[in-house]
Amino acid sequence: MRGRWITVSLLAAATAAGCSALLAAQGRDCPSIETLRAYRPPEASRVYAADSSLVADLSPQRRIVLELDEVPALLRDGFVAVEDRRFWQHGGVDLRGVVRAAWRDLTSLSLREGFSTITMQVVRNVFPEELPFSEKLRRKTCEVLLARRMEQEFTKPEILQLYLNQIYLGDGLYGVEAAARGYFDRPASKTAPEEAALLIALAKNPEGNNPRKHPLQAIRRRNLVLDVMVREGVLEAARAERAKARPIRLAPPPEAAGPAPYFVARVRRELRQRFGADADIRGLRVYTGLDPVVQRAAREALVAQLRRIEAGEYGRYRHPVPSDTGAGRDTAAAYLQGMIVALDPLTGDVRALVGGRDFALSQFDRAFQARRQPGSAFKPIVYAAALSQGLPITTRIETTPLVIDNTPGSPPWEPSDHLPDSLQTMSLRSALALSSNYAAVRIGRWVGEPRVVETAQALGITTSVPAYPSVHLGAADIIPAELVAAYAAFGNGGARVRPRVITRVDDARGRTIWRAPVVRQAALDEGVAFLTLSLLEDVVDRGTAAGVRGGGFWLPAAGKTGTSNE
């Protein structure tokens with residue numbers, strides 16, 4: 001044992017001597033500590049609508065400054081216990097931690113062990129761009145040097161206050177006050193032990209321990225923090241055990257309070273994919289095609305229609321509704337959902353997006369992330385494929401029952417229809433206007449399933465569409481937004497468009513750094529697109545969508561209704 005301590009003592013001396021030499025040699029490459037006094041956290045990126053009105057700050061909470069005595073002792077002492085237990089004793093660099101890290105690195109022949117103190121973490125978070133990236137050792141040298149200088153220029157309470165106000169805790173939240181409000185909708189002074197422990201857990205890995213993205217990992221790390229708080233005398237064991245037993249209860253995401261939460265969430269996803277995980281806090285100016293008037297109307301229309309269904313206006317509704325006590329509050333699957341997406345058919349710009357009933361309860365975007373059977377809403381693609389193959393628009397289609405038996409070993413398929421069997425034939429217009437299943441299957445069989453699938457893909461359907469007879473009735477799962485984009489070709493002369501959420505991105509200085517191209521590709525002959533549009537106008541004027549006219553809408557309109565199983 002004595003030999004080991006001699007070895008460790010020599011290692012400590014060698015490490016201290018090495019640090020002094022490195023600090024002297026590399027000090028000139030490090031930023032000035034005076035920058036700390038003027039430090040401000042990164043700027044929130046902003047999203048703008050087509051009329052240049054502000055839709056959302058992607059990091060709206062940013063930083064809310066507290067004095068040190070305004071931070072509750074449980075939170076303040078918990079951070080010290082978990083992140084830097086010798087904070088009040090060391091001079092910016094914990095030599096014991098250096099020795100421990102060096103010993104583990106030597107014995108494992110790696111450079112994995114860290115020894116960052118709270119002071120060093122402040123340096124790292126304040127100077128993310130200024131610290132050298134080329135060499136890990138040089139970067140760590142700067143952290144050590146600046147931490148020692150900081151301890152000379154600032155008092156311990158000042159350093160801890162700076163740390164608690166600027167530490168990044170995920171979701172664009174800087175500091176404990178902003179994080180407490182962002183995650184729990186309450187000030188830091190009101191956090192319970194389990195909430196305080198979760199905030200402390202986020203310091204080590206803000207994204208990996210994010211409770212919105214990784215709830216199980218967040219709970220594991222929170223409980224580990226609670227154990228450390230007990231070990232260091234910050235929290236009583238009994239309170240810690242009660243805290244461990246409690247689930248994580250989060251406030252609604254920031255987007256939920258805005259006019260277009262699903263739209264903003266999609267913008268955020270696309271920005272991070274293109275510009276990295278820190279896109280929310282780079283001060284970007286993000287321009288979109290969102291129409292605030294259409295967006296508001298879409299939200300109101302969806303909620304109103306869902307409530308009409310639940311109220312029994314279309315027949316008895318036997319399922320839970322959100323107003324029921326305890327029904328539908330813990331899981332979005334417990335109650336009726338819906339979605340709306342509106343696209344500009346010429347550019348593909350998303351004018352409105354409502355991905356679900358309530359973003360606060362379910363952030364799943366049913367427009368872009370779901371796969372649903374479109375039912376009869378798929379039929380215009382079948383008709384367009386037939387028109388492309390030369391089927392005259394004056395054709396009369398047989399609408400009597402039929403049986404399809406072309407799969408060896410499988411029972412025959414007998415599609416059903418809501419129209420009376422007494423109808424023998426129909427014009428092409430009437431067959432689509434009244435949504436005859438028998439007519440759609442016969443037309444699809446005449447064209448051939450491979451040709452229908454090919455047309456769907458040409459129009460922008462990317463999901464798998466099996467070449468089975470049932471595809472003519474919309475039995476394949478597709479992404480709703482892609483179906484809307486496919487319909488755009490009927491109204492723009494036959495061009496496939498790609499849904500576009502972002503139109504342009506400027507940096508914090510106003511310089512354009514990216515423009516999203518308008519993607520248009522020929523998908524249908526212009527004449528075929530015109531004829532299909534004409535058929536869809538009949539659907540609205542006198543067919544299954546005549547409720548549009550009955551409701552008083554008199555402007556030009558074309559469309560198709562669709563229902564599916566269940």
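So, to start: is Ser435 buried or exposed? Ser435 is buried, at a relative accessible area of 4%. By buried I mean under 20% relative accessible area, with exposed being over 50% and partly exposed in between, using a 1.4 Å probe and protein chains only. Ser435 sits in the loop between α14 (428–433) and α15 (437–447), and its phi is near 60°, a positive value in a residue other than glycine.

Quick housekeeping. This is a predicted model, so local features need pLDDT of at least 70 and side-chain atom pairs count only at pLDDT 80 or more, while totals for chains, interfaces and linings use all residues. Residues are numbered from 1 along each chain as its sequence is written, and side-chain values use heavy atoms, with hydrogens and water left out. Helices (H or I, at least four residues) and strands (E, at least two) are DSSP runs, numbered from the N terminus.

Back to phi for a second. Most residues other than glycine have a negative phi. Ser52 is another one to look at: it has a positive phi of about 70° although it is not a glycine, and it lies in the loop between β1 and β2.

That brings us to the sheet. What is the strand order in the open sheet? Five strands, running β2-β1-β5-β11-β12, with mixed pairing. Two strands pair if DSSP finds at least two bridges between them. The edge strands are β2 (54–57) and β12, each pairing on one side only. From one strand to the next, the twist averages 20°.

Look at β11, residues 502–506. Four of its five residues are buried, so the strand is largely enclosed by the rest of the structure. On one side, four bridges join β11 to β5 (residues 285–288), antiparallel, and Arg285 stands opposite Asp506 there. With β12 (residues 512–515), β11 has three bridges, again antiparallel. Val505 has Trp514 as its bridge partner in β12, and Asp506 has Thr512. β11 and β12 make a hairpin with five residues between them, and Gly510 in that turn has a positive phi of about 90°.

Lying across β1 (46–48), β2, β5, β11 and β12 is helix α11 (residues 261–275), running at about 55° to β11. For angles like that, axes are lines fitted to C-alpha atoms, for helices over the stretch in contact, and the angle runs from 0 to 180 degrees between N-to-C directions.

There's a second hairpin, formed by β6 and β7, with six residues between them. Gly348 in the turn has a positive phi of about 85°. Four bridges join β6 (residues 340–343) to β7 (residues 350–354), antiparallel, and Ala342 has Ala352 as its bridge partner.

On to the cores. A nonpolar core here is a set of buried Ala, Val, Leu, Ile, Met, Phe, Trp, Tyr and Cys residues joined through side-chain atoms within 4.5 Å. The largest has 48 residues, and Leu75, Tyr163 and Val176 have the most contacts inside it. Elements giving two or more residues to this core include α2 (73–83), α4 (118–126), α6 (156–166) and α8 (193–204). The largest share, eight residues, comes from α8. Tyr163 touches Phe79, Glu83, Ile118, Gln121, Val122 and Ala203, leaving aside residues up to four places away in sequence; contact means heavy atoms within 4.5 Å. Apart from that core lies another, of 41 residues, Ala385 and Val471 among them.

Also worth a glance is α7: eight of its nine residues are buried, including Val176, Glu177 and Tyr183. Just after α7, Asp185 takes a positive phi of about 60°.

Last stop, a helix pair. How do α13 (residues 379–388) and α16 (residues 449–458) cross? Their axes come within 9 Å and cross at roughly 110°. α13 and α16 are therefore roughly perpendicular to each other, a label covering 65 to 115 degrees, with under 35 being roughly parallel, over 145 roughly antiparallel and the rest oblique. Ile381, Val382 and Ala385 of α13 make the contact with Arg451, Val452, Thr455 and Ala456 of α16. These residues divide into five nonpolar, one polar and one charged. Ala, Val, Leu, Ile, Met, Phe, Trp, Tyr, Cys and Pro count as nonpolar, Asp, Glu, Lys and Arg as charged, and the others, Gly among them, as polar.
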